Every structure is written in structure tokens, then in C-alpha cells.
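Thanks for making the time this morning.

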Amino acid sequence: MSACVVSPEQLQAYLATAVALAKEVGPVFKDGFWRTGQFATGNDFAAIDKMGNEADCVTAVDCHIEKVIFSRLREIYPEHKFVGEETTAEIGNKYKVTDDPTWVVDPVDGTNNFVHHFPYTGISIGLTINKEPVVGVIYLPVLDELYTAAKGLGAQLNGQSLPIFSFPTLTTPTSLSQCSMVSEHGSLRSESCIKSRLDTFKRLLLERDQGGASIRNLRFTGSAASDLALVAKGVAEIYWETGPHAWDYAAGVIIVLESGGAVFDGSGWWGSSIPDDEKSPQPLNIWNRKILAVRHMPDLIGKPGSGCQIQKHLAAAVLNLVEDNPYEPDGSH
Ligand code: LIP
């Protein structure tokens with residue numbers, strides 16, 4: 001099938017639809033946020049474990065919001081495809097990833113936060129064309145933050161261009177020790193998985209003369225969409241995670257890119273046999289569940305193009321320290 005072509009006007013229209021939908025479901029989200037409880041069993045606001053894993057849960061609000069968003073989108077764009085966290089959970093990983101316009105939606109990203117009333121949780125609506133994100137909306141209703149972007153049309157937070165800071169307030173770090181990083185420990189709790197995460201975080205934090213990066217700080221918001229929003233905003237330099245799904249970050253990826261940030265494949269090189277001279281950050285495939293994002297870096301004075309070089313340099317520095325983990329890609333290809 002030939003690749004789909006889309007005009008800026010069409011992208012703008014898709015973005016307007018996604019914004020309207022996020023705003024429509026915002027009040028239900030907010031209401032649910034205050035009423036949902038870990039122990040609110042037997043009613044619509046209970047948290048239900050997914051596959052017996054208490055670290056991964058779903059609520060009736062997740063399912064309701066996804067149904068509303070998809071039914072509206074199906075009315076407007078009957079020919080489009082749809083991938084949503086809860087719908088996909090029902091059918092397993094049995095969908096085909098195509099070049100067609102595909103709405104990739106997480107109705108509640110950061111469900112654990114939602115259940116524990118921690119405000120980094122929101123609605124993530126992405127649209128992919130030719131398998132890549134072209135429109136993204138992240139709405140964090142409790143924080144009242146609406147992040148929006150469309151390919152070639154820039155990124156905004158509540159209408160203000162991203163990143164919200166610029167030079168000299170937003171400067172360009174040259175090493176990880178000047179960077180604030182967001183990551184996640186994820187919901188898998190096996191011995192091997194936890195060991196690999198902790199070893200990775202240890203190397204990132206450890207002093208430089210002991211082989212670490214002495215990264216300035218490491219934060220976990222509990223939501224990939226929120227992490228990417230922080231990178232686009234310019235308040236976190238780097239986000240790295242393996243294991244999240246396309247619906248967690250499809251929207252965030254285009255928001256980061258349109259804010260001047262860069263995204264890469266997050267497969268780590270620690271312990272790998274790749275020779276040093278072949279180590280170069282690779283392009284992100286959003287269906288592969290391994291992501292690294294670096295915020296916009298202003299060029300150093302008198303050095304055009306240096307901002308992009310530094311993004312790659314920081315990305316390589318992270319990939320050198322993080323471990324790869326096997327994850328089944330999203331969908332079939
Ligand atoms: C969450 C992701 C996060 C990941 C969590 C979980 P959910 O999404 O945003 O990055 O570490 O395990 O997958 O399930 O709350 O929508």
C-alpha cells in the first residue's frame with residue numbers, strides 16, 4: 001500500500017478533533033480522580049488488577065473514556081484505525097500496525113497515579129500516519145495542563161509555545177551530570193527485571209570516578225505521557241524507559257519533536273557487544289516499546305547545529321549505561 005499523504009490543514013483539523021475530545025472527557029476524568037479508590041470495591045470507582053498484577057490496574061473510568069473517545073472518532077473518521085489500551089487489552093496484542101491513519105489512545109495514562117490521587121495522570125490521544133505520530137494531545141486535567149502538537153505545526157502548552165523557557169533561561173547541558181532525567185520502574189516485578197532496572201539507575205546516579213554518570217537527579221512520575229510532557233516543557237532534559245506501549249507515548253513523541261526535542265530508540269548498550277565506533281543512537285520505532293527522548297537544546301553561542309549534536313551526545317551517554325530488556329513489540333507488522 002502506498003504511504004498516506006496529509007496536508008497541514010488536515011493535520012490541524014485532526015488536532016482540533018483530538019483537543020475537543022480531550023476537553024469533553026476531562027470532567028469525567030477529574031470526577032473519577034477524586035472518587036476512585038484502591039479499596040472502593042463494588043462500585044464504578046474501584047481499581048481492578050490486570051492479570052493478577054497489583055502494579056498494573058484498570059478502572060471503569062479508563063474503559064468509559066476510551067469508549068467515548070473511540071465512538072466519537074469512529075463517527076467522524078469511519079475509515080481510520082484505532083488502538084487503545086483497554087480495547088487492546090481485551091483482544092490481546094492482536095492488531096496489525098498499518099500506514100493508515102490510526103488513533104492511538106490511552107484514556108488514563110498513569111492509572112496507578114489516578115488511583116492514588118497523584119496528579120501526574122492524564123488522557124493521551126495520538127494519531128499515527130505511516131506508523132509515525134503526526135498529532136498528539138496530552139491532557140493532564142488535575143494539573144490543568146493541555147499539551148498539543150501536530151507535525152510541522154509546533155507544540156503548545158495551554159496555547160503557549162513549547163518549550164516554555166528559552167535561552168538564557170533554558171541552557172544547554174554538555175554532560176549528564178547537568179541533566180534532570182525522568183524514567184519509570186514499570187510494572188514488571190520479576191527478580192531479573194528489577195535487578196536490571198536497579199543496576200541501570202545505579203550507574204546513572206553513581207559518581208563519575210566510580211564509573212557512573214552522576215546524573216543530577218532521577219524522577220519517576222508514574223506516567224510516560226507526563227514524562228514526555230516534562231521533556232517538551234523543558235523541565236526535564238531526558239526521558240528513558242523500556243516497556244511502555246505505543247498508547248502511553250505516541251502523543252508525547254510528536255509533542256517532544258515539535259518542541260524541538262529529539263527521540264531515539266531506547267535499546268540500551270550496556271553489556272552489548274556493539275563496538276564503540278558503531279554506537280550511534282537509532283531512530284525511534286514507536287511500536288517497539290523502548291524510548292529515549294531529549295529536550296530541545298539551544299545551539300551554543302557561535303556554534304550552529306551544536307544543539308542537535310548535544311542531543312545525540314547525551315542520548316549516547318544514556319544508552320551506554322542502560323540495559324536492554326526484551327519486550328514483545330506492540331501489534332503485528
Ligand atoms: C503506565 C506508563 C508508564 C509505565 C507504567 C504504565 P498506564 O501506563 O505510562 O510509563 O511505567 O508501568 O504502563 O498503564 O498507567 O496507562
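**A buried aspartate and its surroundings**

Let me begin with aspartate 330, which is buried, its relative accessible area being 1%; by buried I mean under 20% relative accessible area, by exposed over 50%, and by partly exposed anything in between, with a 1.4 Å probe and protein chains only. Before I go on, please keep in mind that this is a predicted model, that local features need pLDDT of at least 70, that side-chain atom pairs count only at pLDDT 80 or more, and that totals for chains, interfaces and linings use all residues. Residues are numbered from 1 along each chain as its sequence is written, and side-chain values use heavy atoms, with hydrogens and water left out.

Aspartate 330 sits in the segment after helix H8 (306-319), where helices (H or I, at least four residues) and strands (E, at least two) are DSSP runs numbered from the N terminus. Leaving aside residues up to four places away in sequence, aspartate 330 touches Asn93, Tyr95, Val97, His245, Ala246, Trp287 and Arg289, a contact being heavy atoms within 4.5 Å. With histidine 245, the side chain of aspartate 330 makes a polar contact of 2.7 Å; that term stands for a pair of N or O atoms within 3.5 Å, and within protein one must be able to donate a hydrogen and the other to accept it, while residues adjacent in sequence count only if both atoms are side-chain atoms. Proline 244 is 86 residues from aspartate 330 in sequence, and the C-alpha to C-alpha distance between the two is 9.7 Å.

Next, the helices. One of the residues that aspartate 330 touches, Ala246, is also among the buried residues of H7. Helix H7 covers residues 246-258, and its 13 residues reach 18 Å from first C-alpha to last, close to the 18 Å expected at 1.5 Å a residue; the expected span is 1.5 Å times one less than the number of residues. How much of H7 is buried? The count is 11 of the 13 residues, so H7 is largely enclosed by the rest of the structure. Among them are Trp247, Asp248 and Tyr249, together with Ile254, Ile255 and Val256. After H7 comes glycine 260, with a positive phi near 95°.

H8 has 14 residues and reaches 20 Å between its first and last C-alpha, close to the 20 Å expected at 1.5 Å a residue. Its buried residues include Ile310, Gln311, Leu314, Ala315 and Val318. An α-helix has 3.6 residues a turn, so residues three or four places apart point the same way. The cover over the buried residues of H8 includes E10, strand E12 (238-242), strand E13 (262-265) and strand E14 (290-294).

Let me turn to the ligand. Which residues are the closest to the ligand? They are Asp106, Asp109, Thr111, Ala224 and Glu241, out of 13 residues that surround the ligand, each with a heavy atom within 4 Å of it. Aspartate 106 has a polar side-chain atom 2.7 Å from an oxygen atom of the ligand, aspartate 109 likewise has one at 2.7 Å from a ligand oxygen, and for glutamate 85 the corresponding distance is 3.0 Å. The protein covers 88% of the 380 Å² of accessible area that the ligand has on its own, the areas coming from the Shrake-Rupley method with a 1.4 Å probe and, for residues, only the protein chains shown counting as cover. Strand E4 (residues 102-109) gives the most to this shell, with 3 residues.

Asp109 is also touched by serine 226, a residue of helix H6 (residues 224-233) that is buried at 1% relative accessible area. The side chains of serine 226 and serine 223 are joined by a polar contact of 2.8 Å.

Finally, some backbone details. Most residues other than glycine have a negative phi, and most peptide bonds are trans. Here, the bond from leucine 162 to proline 163 is cis, with omega near -5°, and so is the one from phenylalanine 167 to proline 168, with omega near 5°. Lysine 131, in the loop between strand E5 (122-129) and strand E6 (132-140), has a positive phi near 70° and is partly exposed at 30% relative accessibility.
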